[in-house]
Amino acid sequence: MARPEPGVRPEPSTEPPPVDPSEAIHSAYRFHRAKRRARIERHRRKRQAGLRFYVILVVLVFVTVILGLTIWNEIQRLFGL
């Protein structure tokens, strides 16, 4: 079995890494901030939707009970129960 020849490794560079003078860093910050704001807004809307659901449910149950009692009272009055 033949072993592959070891590759020639390049010398590590002693010069500092290049600095990105463009807006890439600021753009990435803006992107992640917008992502975080969208996640927070989604969470807030989800919580508000749940609250609206339960408020409407309570109102509908209340209206149903009031309507049922009113109908029952009218039936008793009409038939003399």
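This is a predicted model: local features need pLDDT of at least 70, side-chain atom pairs count only at pLDDT 80 or more; totals for chains, interfaces and linings use all residues.
Residues are numbered from 1 along each chain as its sequence is written, and side-chain values use heavy atoms, with hydrogens and water left out.

Start with the fold. The protein has one helix and zero strands (DSSP runs numbered from the N terminus: H or I of at least four residues for helices, E of at least two for strands). Helix α1 covers residues 24–79, which is 56 residues. Its first and last C-alpha lie 81 Å apart, close to the 82 Å expected at 1.5 Å a residue (the expected span is 1.5 Å times one less than the number of residues). Just after α1, Gly-80 takes a positive phi of about 65°.

How much of the protein is buried? Buried residues make up 0% of its 81 residues (buried is under 20% relative accessible area, exposed over 50%, partly exposed in between, with a 1.4 Å probe and protein chains only).

Now the charged side chains. The whole structure holds three salt bridges (a side-chain nitrogen of Lys or Arg within 4 Å of a carboxyl oxygen of Asp or Glu). Glu-41 meets Arg-44 at 2.3 Å, N to O. Glu-41 also bridges to Arg-45, with the closest N and O atoms 3.2 Å apart. Arg-45 and Glu-41 are four residues apart in α1, about one turn. Arg-45 is exposed at 54%, while Glu-41 is partly exposed at 27%.

Further along, Arg-77 pairs with Glu-74 at 2.8 Å between the closest N and O atoms. These two lie three residues apart in α1, about one turn of the helix. Shared partners join Glu-41, Arg-44 and Arg-45 into one salt-bridge network.

The search also finds one aromatic pair (ring centres of Phe, Tyr or the six-membered ring of Trp within 6.5 Å; planes under 30 degrees apart are stacked, over 60 edge-to-face, the rest tilted). The ring centres of Phe-53 and Tyr-54 are 5.1 Å apart and their planes stand at 75°, so the pair is edge-to-face. Tyr-54 is exposed at 53% relative accessibility.
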